[in-house]
Every structure is written in structure tokens, then in C-alpha cells.
Amino acid sequence: MDNLVTKQACLDRLTQLGIQYVLHEHEPTPSIAEVQKLVKFEANTAYVKNLFYVDKKSNYYLVLANADTQIGKLFWKSIGLSSGNMRLTAEDKIQAVLKSSKGNVNPFALVNDEADQVRKVIIDTELAKFERVSFHPIENTATIEIKLEDLKENFLKSIKKEYSLVDLRDEAQEKPVEKQVEKQVEKDDKEKQTLSITIKKSENFSKWYQQVITKSEMIEYYDISGCYILRPWSYSIWDHVQTFFNGLIQGIGVENCYFPMFLTSKQLNKEKDHVEGFKAEVAWVTKYGDSDLNEHIAIRPTSETIMYPAYSKWVKSHRDLPVKLNQWTNIVRWEFKFPTPFIRTREFLWQEGHTAHATREEAVKEVYTILDFYERIYAELYAVPVIKGLKTESEKFAGGDFTSTVETIIPQNGRGLQAATSHHLGQNFSKMFNITFEDDKKQTQFAWQTSWGISTRSLGAMVMVHGDDKGLVLPPKVARYQIVIVPVIHKDLQEQDLVAYTTKVRDTLLQLGVRAHIDDRDNYNPGWKYNHWELKGVPLRAEVGKEEIKNGEVRIVQRIDNKKFQIKLDNLKDIPDLLADLHQQLFQRAKVNLQSRIKKAYNWKDFMAELNQQNSILTPWCQVDQCEQQVKKKSGAESKEQDQEEDGQVHLTGSAKTLCMPLEQDPLDADTKCFNCGELAKKWVLWGRSY
């Protein structure tokens, strides 16, 4: 077997073995601490310390430990060895045995152990809690994630290296290691089989969110960091959004279309301010097969520069205007921030509308019409209240004239979430792409343009706002099933009678326009089904058993408050009204929670006090960019919630930023001062920490 002395040789070997990996390239990192600073993984990937030991007989042992494990000495005894005989291997011996170096020990270098001097690989049992583990692929200029099972059962077996799962902590060695491993495996299996949410929303919001979206079957994690599988339970929600929004925009003359996802470097760089806003996030295609492309091709981070050359061809006269196009598509932005499903991902789904108009007035009207539509999506579908406003100059869309936005606030942590945006582009892009028309006076004019979009981030907002300790709470308007009927078998009840009754209930509801489903699976009992559909957030559950059939009733259970009541079959006609009422209850509850997180402050002391109480703050402001940047810097320095990583998922900054200048503005007294700099205030602005 050939030695592995380069990163590429290592990656090629993994490919030959059929081992999938995720590659993160970076500057040389000789220590695990430096890797943790540079590379951020999903919560199910472990940072691994690689320690190379040698005994007095020159037998070598590679220890793979979770980065957080406090490695003791007693574990050596559990595998028949003495800690007194062990010491860390010197640099020259690492080079001789593994052809590696002290800051670059990794299990793949075991291939280079030609004399078979490495007797065993010792794997920390803590790593069994993770799906993936991370190592340098021979060179410490990169880190890869692979499945732990692939390391053990594929790679190590391919080079005939023995391994043992060992608890490396001293306190664990009071019991036999086999018992420890067995207990851990049982615990992990039990956790996987646990249907319910095991973490309270109030105790660990990030982990609660991860459990809810995975256990409710909305999301499945994928091998590429920042990319996720949208399962049918979540995609059905997006279907409802598409149907609703298509109806709104088509009512004002917008047509759906599709443009390619690729653009040339020349296209991307045509609008300087625009490309600077996305430059760090652009993903590039550089090869096809084994050949290099003559010109690198960008994958769209947004479509202005893809669509507008076509607009330039199509628009010649004022009679060609307005052009109103929308596309439902995917977007790739290679975020440097830590990805979180729905909220911040490298690929996401959205709609993006692009319009061109003869006058500024028409374009501005379009901006606010679309903003109202976004407010309706959140209110009428998601039952989530939003704040309509304008972005500041530093926060507006790159290359645009102004940006309007709908913002919401997550009650659990008081963080702002940009929910959707509608941009007035002015004539900036039409001048860059020569979108001109001859007006009714035979004068050549540049078109006025807008662009606007809402994405699958909106699903994350809905989960965060409404979910509880039992799982999802779905608004009825977007739930795939609005009511699930659970048959309850009884020894005195004939199966055919139960089937006939539940079918009648379902068909009655379907005729009323209610999305109803019978859970007639015979491999789960009713209690399991109750928990299952509760976790998935179905608004109503209908239970049908012996007594219900006898009395011509159905037992209804509401997800929002667990309220239970009986309803006669003749009154099933009231279910649509009940669903509408539940939607309003959700919206009003969320509205109260939103308003409770918005506080006013007229000076810096009160501003910081409210910020440290996890609130968003409405302040009088001078509208000067320098003042805005100063607030960001000062609030970060004085914040009790310092910059942090939460469970490898979200980089939550402690500093405040402007969320928006609300469209609804209370009057400011003529002598009202800016809360920060003391100059005359011009606007109320909403500040807060954000995602």
C-alpha cells in the first residue's frame, strides 16, 4: 500500500474506499485550539485531539479524543497497559513512524506505519456521541469531516489497525470500560429513539431548535456544511407560500419566469457596489471533469446581473413597460457565519421579483405594494407579526436606492430577524445595463427598477416564534394536515365499523376544505401517534373510539393549548371556523410577545440596560452613519452577551445594529436629541441584536 504524504493522496484514498468527506481548507493549524477558531462545524461533528504515545518497548498508540475530554491516566489499565510506561512521542519519532510532524498527527498517517509499530488506535467513547469526526488530511492546511463509522469500519480495517472504544476520563475508570461503552451505546440508542423533545426552549434555545426541526421531520442534515434537506413536512409549507404569493403578485401583473443560475465574472462585476456586497459569499465553478474552465463561472447570489442584460434587449419603448417578472429558485451564498437550518444557510430557496418602470413613482409604489404582500404572508400564513420599515444607508441592499423591510423579533432571545425585503433600485442598474426606453415625448430615459424577495428563512422564524417544549406548533394555514384522525381500537369494536366511521369523518372534513388525514398505521399505538402528531405541530387531533362511535361524536384536541372537547358529527362544519380562530390566537399571542420585546430608550444608559435584558430598543436617532457605527462598536464592548458561538451553529454577536426605521413613526419633539451622540434626532430607529 502506497504511503500517504500529501493531502490530495489522502483524499484520493478516501474516495477509493467510498468514504464521503467534507473539506475545509485553511491556513496551517498545528493545534486543535487553532482549528476551533478557524473551522466551525455542525453540532453533530466533533473536534478531535490526536495524541501519539510510545511505551518503553517502542510500541506506539494513537489516541483520538474529543477536544473537550479531560484525558486521564487510568484508562491505560483498562486495555492492559500501564500509564507509567507511556509518554508522548518525540518529533523525530513521529516523523520516522508516521512520516508526519507534532502539529500534524492524524489517523490517515497510519498508512505510513510500514514496520507496523502502531499497536492500537484508542478512540474516546465521547466521540460516539457524534455522527462525524474531524481530522487533518495528512497536511494541516485543511480539515475534513468524515463519519466515525467510516473511520472505524472502513479506513482502519482497510489498513488492518485495531481500535478500542475507551472512556479516557479517570472518573470513568471506577467501572469496567466495557460497561461504560455499553451504557453509552444504550444511552445514545435511547436518545435516537426518543420521540419527544428533550430540551426546554427556555433552557437551551439553540439545541431546542435543532431538535424540533429534525424530530418533527422538517430538516435532514446533509454532508456539505450549510446545506440541508427540506423534507416534505417543511416543503409543503413552502408550497403554501408559493401558491399564496403567486396569487397576490399575479393580481398586479407579475409573471413567473426562470433565468439560469450561472453568471460570468464580467456580469457579476458590472455594478461595483452591488458585487462588493456579495463578493465574499460568491461560489465559483472552476472545473468540468478534469479540465479547468477558461473563465470561472459564478453561481448566483442574487439575479440582478443575470436578468438585466435581457431587460436591456426587451425594453425599447415606454409601451414595453412595466416589465414585472418573478422567479422561484435557489440561491447560493457561501456564508462565513455559522450556518443554522432555515435561518442562515449556504443554499436556500426564495422568490425574487424584478420590475422595471417608466417613472420613479410607479417603482416606489411597487416597492411598498410588495412589502404589504410580505406582511400578509407572515400574518395570514405564518401567524407571525412583523414591523415594516426602512433600512439605514449602511444596511440597505448593495447598489440600491433604498431598502424596505419586514422585521420580526424572536421572543426567546430578543434577536431581530430580517423577514423579507423590497428594494427600490432607482436607475443605478438600468444605467449599468443600459435599460433605456423612448418616452411618449421621444426622449430616451433610463428605467426605474425594483427587486424583492422572501426565502425559506421564513420557516425558521415561524418555528422559533410558535414552537414549544413539545415541538412544532403549526399555523393552520400552512399545515400539511390541519387535522389528523386517530382511530382507537377496542375489543368490543369491530374493525370495519371503526374504519367506516373514521373514513366518514375524514371525507366530511375534506368536503369542507379541511386538510384531513387518518393515521391508521397498525404498528403504533394511539398514545405514540398522539405524541408524534403533537411533535409535528398539527393544529387539531381527532380521536375516534368506541364511545365516539356510540354517541356520534369525535374527540377534538387543540395543539395550541391541549384543550379537549367532544363534537357531534353534524357540527364538523364548525371545524373551518375553529381553525381560523386558532390562527388568530397564534397571531395575537405572537404579537403580544413581539411588543413585549420592544422598549424605548432616550439615552445610552437605558439603551444598554434594555439591550442586556435581551430586548430590541426604539430610540430617537440622528441618521448619521458614523453614529450608527459607533453604536455597534460601543454596544459590543459593553454588552453582557459577548460574541459567542452557540453549539457550533450560530455566531451570535453581542453588539446591536439597526434593524429598521419603522414606517409608523411617533412624532418627535423638535428638540429631541439622538440617544447616542446628542445631535438633533430625525427618526425613530429600532436597534437590536440579530441573526
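**The open sheet and a helix pair**

Modeller: In this predicted model, strand β24, covering residues 483-487, runs parallel to β25 and is joined to it by three bridges. Within that pairing, I483 has A516 of β25 as its bridge partner. These two strands belong to an open sheet of five, arranged in the order β25-β24-β26-β27-β28 with mixed pairing. Its edges are formed by β25 (516-518) and β28 (564-568), each of which pairs on one side only, and neighbouring strands in the sheet are turned against each other by 25° on average, with direction ignored. Helix α16, residues 526-535, packs on this sheet, where it touches β24, β25 and β26 (540-544), and the direction of α16 makes about 170° with that of β24.

The helix pair is a separate topic. Two packed helices are described by the angle between their axes and by the distance between those axes. Helix α8 (residues 232-250) and helix α14 (residues 457-466) pack at an angle of about 110°, their axes lying 10 Å apart; since angles of 65 to 115 degrees count as roughly perpendicular, α8 and α14 are therefore described as roughly perpendicular to each other. The crossing in which α8 passes α14 is right-handed. On the α8 side the contact is made by S234, I237 and W238, and on the α14 side by S458, L459 and M462; of the residues in this contact, four are nonpolar and two are polar, with no charged residue taking part.

Definitions and conventions:
Residues numbered from 1 in each chain as written. Predicted model: local features only at pLDDT ≥ 70, side-chain atom pairs only at ≥ 80, totals over all residues. Heavy atoms only, no water. Axes fitted to C-alpha atoms, helices over the stretch in contact; angles between N-to-C directions. Helix = DSSP H or I, 4+ residues; strand = E, 2+ residues; numbered from the N terminus. Parallel < 35°, antiparallel > 145°, perpendicular 65-115°, else oblique. Left-handed = near helix turned anticlockwise from the far one by under 90°. Contact = heavy atoms within 4.5 Å. Nonpolar A, V, L, I, M, F, W, Y, C, P; charged D, E, K, R; others polar. Pairing = 2+ DSSP bridges.
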